[in-house]
Amino acid sequence: MTMLKHLPADASPEQLSETLTADGACIVDNVLDAAALENLKSEIMPYIEATEVGRDDFTGRHTTRTGALVARSQACRDLVMNDLILGGANVFLKPYCERIQLHLTQVIRIMPGQERQPLHRDRLAWGGFMPDHIEPQFNTIWAVTDFTQENGATQVVPGSNNWEPGREAHGEDIQYAEMKAGSVLVYSGSVIHSGGANVSDGDRIGINNTYALGWLRQEENQYLSCPPHIAKDFDPELRDLLGYAMGSYALGYFTPPTGPGENPEVVPPEFLFDGKVASWGDDLYDSVTERSKEVREEASV
């Protein structure tokens, strides 16, 4: 049986990638200190407390899932851009793409009474269409609270990323990602895992930031969760990771919606932010903001 390994916070991106290739998952201990954790919680807790529980057994009827973290929290942006994690994601995924992208940001709060989530592989977000030899994801769950088996620590099946098709996980295969707050579980899209059952009297809170190949559809639509009028103030590297960059030679261009000859017909997403934006730029930010408001209002009806 493959055991869930622990790496130190000063591990290298290469070590992280090698461990994921071999085992599909590992824990990096004590990445955030107490001050960073308190700051993180102060920024995200108001959103967590306002989030409704899931509506089915998979999302969790005693679980809340809060998204749009890049737009809402500087501390969450720092997690996304963490040197070790982002470096590991690049080393792990770059064999299959020219550019990686942010796939999902979500706070998962498992509350008392939540049953175990069904075991699954995250790569199934794209159905069964992804060839087995391509690894599409590099995933993280940052522990905001301590993770214990009693409060719903993530269930992980180390080594299942290399199993033959059709093999199922049984009790003896399953381990628990028990870790201290400030540590992070890192796992591939091909490893079997799930949220654990919370039989304690407290919440288990983790932040699920995931990265994917730049030519795939994102699970969380970052252009809507973090539209241009918000993203324009971010570091260019973070904007690129959100998807405001070409995924490869011909993936991701757009045509500015302006009059004849007012702007080039084909430009990369960076055109929005590189200082060359013509007068239509501010109008576009305003229209995106207004449409986002309309979508939220329509969804609440």
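The legends below describe close-up views of a predicted model.

**View 1**
Seven strands form an open sheet in the order β1-β2-β8-β5-β10-β4-β3, and their pairing is mixed. At the edges stand β1 (5-7) and β3 (63-66), each of which pairs on one side only. From one strand to the next the twist averages 25°. Helix α5 (residues 83-93) packs on this sheet and touches β2 (25-28), β4, β5 (137-143), β8 (184-188) and β10 (204-213). The direction of α5 makes about 160° with that of β5.

**View 1. Strand β10 between β4 and β5.**
In the strand order, β10 stands between β5 and β4. Strands β4 and β10 run antiparallel and are joined by 10 bridges; Gln106 stands opposite Asn208 in β10. On β5, Ile141 also stands opposite Asn208 of β10, and β5 pairs with β10 in the antiparallel sense over seven bridges. How many of the residues of β10 are buried? The count is 10 of 10, and the strand is described as mostly covered.

Strand β3 pairs with β4 (residues 100-110) in the antiparallel sense, over four bridges. Thr64 stands opposite Arg109 in β4. The loop between β3 and α3 (69-72) holds Ala68. Ala68 is not a glycine, yet its phi is positive, about 55°. Most residues other than glycine have a negative phi. With a relative accessibility of 16%, Ala68 counts as buried, because the cut-off for that class is under 20%.

**View 2. Helix α1 and its buried face.**
Which residues of helix α1 (residues 13-23) are buried? They are Leu16, Ser17, Thr19, Leu20 and Asp23. Seen down the axis of α1, these buried residues fall within an arc of 160°, so they line one face of the helix. Residues three or four places apart in an α-helix point the same way, because there are 3.6 residues a turn. The buried residues of α1 pack against β1, β2, α5, β5 and β8. Just after α1 comes Gly24, with a positive phi of about 85°.

**View 3. The nonpolar cores around Phe138.**
The largest nonpolar core has 52 residues. Within it, Leu16, Leu40, Phe138, Val186, Ile207 and Tyr211 touch the most other members. Helix α5 supplies the largest share of this core, six residues. Neighbours within four places in sequence left aside, Phe138 is in contact with Leu16, Leu20, Ile85, Gly88, Ala89, Phe92, Leu93, Val186, Tyr187, Thr210 and Tyr211. In soluble globular proteins, nonpolar side chains tend to be buried together.

Asn30 is placed in the loop between β2 and α2 (34-49). Its phi is near 55°, a positive value in a residue other than glycine. Is Asn30 buried or exposed? Asn30 is exposed, with a relative accessible area of 52%.

The structure holds zero disulfides. For Cys26, which is in no disulfide, the nearest cysteine sulfur is that of Cys97, 19 Å away. Cys26 is buried, and its relative accessible area is 0%. Cys76 is likewise in no disulfide, and the nearest cysteine sulfur, that of Cys226, is 12 Å away. A pair of cysteine sulfur atoms counts as a disulfide within 2.5 Å. Cys76 counts as buried at 1% relative accessibility.

**View 4. The three-stranded sheet.**
A further open sheet has three strands in the order β7-β6-β9, with antiparallel pairing. The edges are β7 (175-176) and β9 (192-194); each has a single partner strand, so one side of each is left without a neighbour in the sheet. Strand β6 (residues 155-157) and β9 run antiparallel and are joined by three bridges. One of the paired positions is Val156, whose bridge partner in β9 is His193.

Terms used. Residues are numbered from 1 along each chain as its sequence is written. This is a predicted model: local features need pLDDT of at least 70, side-chain atom pairs count only at pLDDT 80 or more; totals for chains, interfaces and linings use all residues. Side-chain values use heavy atoms; hydrogens and water are left out. Two strands pair if DSSP finds at least two bridges between them. Helices (H or I, at least four residues) and strands (E, at least two) are DSSP runs, numbered from the N terminus. Axes are lines fitted to C-alpha atoms, for helices over the stretch in contact, and angles run from 0 to 180 degrees between N-to-C directions. Contact means heavy atoms within 4.5 Å. A nonpolar core is a set of buried Ala, Val, Leu, Ile, Met, Phe, Trp, Tyr and Cys residues joined through side-chain atoms within 4.5 Å. Buried means under 20% relative accessible area, exposed over 50%, partly exposed in between (1.4 Å probe, protein chains only). The arc is that of the directions from the helix axis to the C-beta atoms.
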